[in-house]
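Could you walk me through this structure in plain terms?

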Amino acid sequence: MDIKLLKTEAEKDLTLSKDLKDLDDIFRKYLGKKGSIAEIFNSLAEMSKKDRIKAGKEANELKSFLIDKINQKRLDLAETIKGKEQWIDISLPAKGPKTGHLHPLTLIKRKVSEIFESMGFSYIEGPEIENEFYNFDALNIPKDHPARDAWDTFYLDKGLLLRTHTSPVQVRFMEKNNPPLRIFVPGRVFRHEATDASHEVNFYQIEGLMVGKDVSTANFKAVIKEFFSRFFGKKIEIRLRPSFFPFVEPGFEVDISCVVCKGKGCSVCSKTGWVEIMGAGMVHPNVLKASGINPKFWQGFAFGIGIDRLAMMKYKINDIRLFYSSDLRFLEQF
Ligand code: PHE
């Protein structure tokens, strides 16, 4: 075996070695029990005396040369590893685990709740699976009446359905509680319709109901104007337009001055300066009767606000479907 060649090969291996494992391999290859140097020593016996002395000397030199080199390389490697470790600032606080946070619709619901509660309204809930009586009949929407079509209903078995609005909770509450009363009812509602940027098959509403001896439209206007101004944190103009819902009389649609352009006209308000945000009206006498309350002595207002619409206005979001997309890139912004 050519000792010079062996030395060159070993030096090349050492240069290429990257870690302690490589060094162990090199050690084994050249200095191990069955390594190249051991092989040379084993072959000495077969050599002539002259050759044996020369080869023995060279092999010994190579052996100590390699031991030195490997040790040196081991120290160098340890130094770079240490260098890398020192680069990490161990005094920095560790990154905390990622925690969840509230959904934008939940944030809006909480904000709305806080405002209505401060105005003396109580938080009430009702079932998402309803029957036709509460969702329609008791709300003065007779069977086979065309107005029923206005709510694209998901029907279930046995006269049950997914509620199309939170209004049935008005009746459920009035059946069990005597006026005067003031409630708000946040909840999920369902509509069987094609989705687009402003329509979803499920969304959230907040129903409001206030009944007393002489609760009037003027009270409604005051409450709702106060609500919107507090919700958006600035003065908001409102506008009532006559509209029809079978469970109110008179009924109106409420617009608010566009929060985005302050009424000047932009894409959010379709250049009108106003945004339609809720349906409302004075509770129809038939609804009071169906709930066991005498309309001769009691009257009140009811309204239904779209929570998703509120959230879209507040956060300037132009597609309702984003709320239900579970897209973390969207959700992590709130
Ligand atoms: N329930 C109506 C809807 O979903 C909104 C509404 C509520 C209108 C209360 C008037 C009074 O469209």
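Which residue in S10 is the bridge partner of Val-211? It's Gly-300. Before going further, a word on the ground rules: this is a predicted model, where local features need pLDDT of at least 70, side-chain atom pairs count only at pLDDT 80 or more, and totals for chains, interfaces and linings use all residues. Residues are numbered from 1 along each chain as its sequence is written, and side-chain values use heavy atoms, with hydrogens and water left out.

**The sheet**

Let's start with the sheet that S10 belongs to. Seven strands form an open sheet with mixed pairing, in the order S1-S5-S6-S10-S9-S8-S7. At its edges sit strand S1 (122–123) and strand S7 (238–243), each pairing on one side only. Strands here are DSSP runs of E with at least two residues, while helices are runs of H or I with at least four, both numbered from the N terminus. Two strands count as paired if DSSP finds at least two bridges between them. As background, strands of a sheet pair through backbone hydrogen bonds, either parallel or antiparallel.

| Strand pair | Sense | Bridges |
|---|---|---|
| S5 (residues 181–190) and S6 | antiparallel | 10 bridges |
| S6 (residues 202–212) and S10 | antiparallel | eight bridges |
| S9 (residues 274–283) and S10 | antiparallel | five bridges |
| S8 (residues 248–257) and S9 | antiparallel | eight bridges |

Now for some of the individual partners. Arg-188 stands opposite Tyr-204 in S6. Leu-209 faces Ala-302 in S10, and Ala-302 is also the bridge partner of Gly-281. Phe-303 in S10 has Ala-280 opposite, while Met-278 in S9 has Val-254 opposite.

How covered are these strands? Seven of the eight residues of S10 (residues 299–306) are buried, so the strand is largely enclosed by the rest of the structure. Buried means under 20% relative accessible area, exposed means over 50%, and partly exposed is in between (1.4 Å probe, protein chains only). S9 is largely enclosed by the rest of the structure too, because eight of its 10 residues are buried. S6 is mostly covered, with 10 of its 11 residues buried.

**Around the ligand**

There are 15 residues around the ligand, and those that come nearest are His-165, Ser-167, Arg-191, Gln-205 and Gly-304. A residue is near a molecule or strand if one of its heavy atoms lies within 4 Å of it.

An N or O atom in the side chain of His-165 is 3.0 Å from a nitrogen atom of the ligand. Ser-167 has a polar side-chain atom 2.9 Å from a ligand nitrogen atom. For Gln-205, a side-chain N or O atom is 3.0 Å from an oxygen atom of the ligand. A polar contact is a pair of N or O atoms within 3.5 Å; within protein, one must be able to donate a hydrogen and the other to accept it, and residues adjacent in sequence count only if both atoms are side-chain atoms.

Helix H1 (residues 3–16) has 14 residues and reaches 20 Å from its first C-alpha to its last, close to the 20 Å expected at 1.5 Å a residue. That expected span is 1.5 Å times one less than the number of residues. Ile-3, Leu-6, Ala-10 and Leu-14 of H1 are buried. Seen down the axis of H1, the buried residues fall within an arc of 75°, so they line one face of the helix. The arc is that of the directions from the helix axis to the C-beta atoms. On the other side of H1, the exposed residues include Lys-4, Lys-12 and Thr-15. Asp-2 caps the N-terminal end of H1, with a side-chain oxygen 2.8 Å from the backbone nitrogen of Lys-4.

In helix H10 (residues 307–315), the buried residues include Ile-307, Leu-310 and Met-313. Just after H10, Lys-316 takes a positive phi of about 55°.
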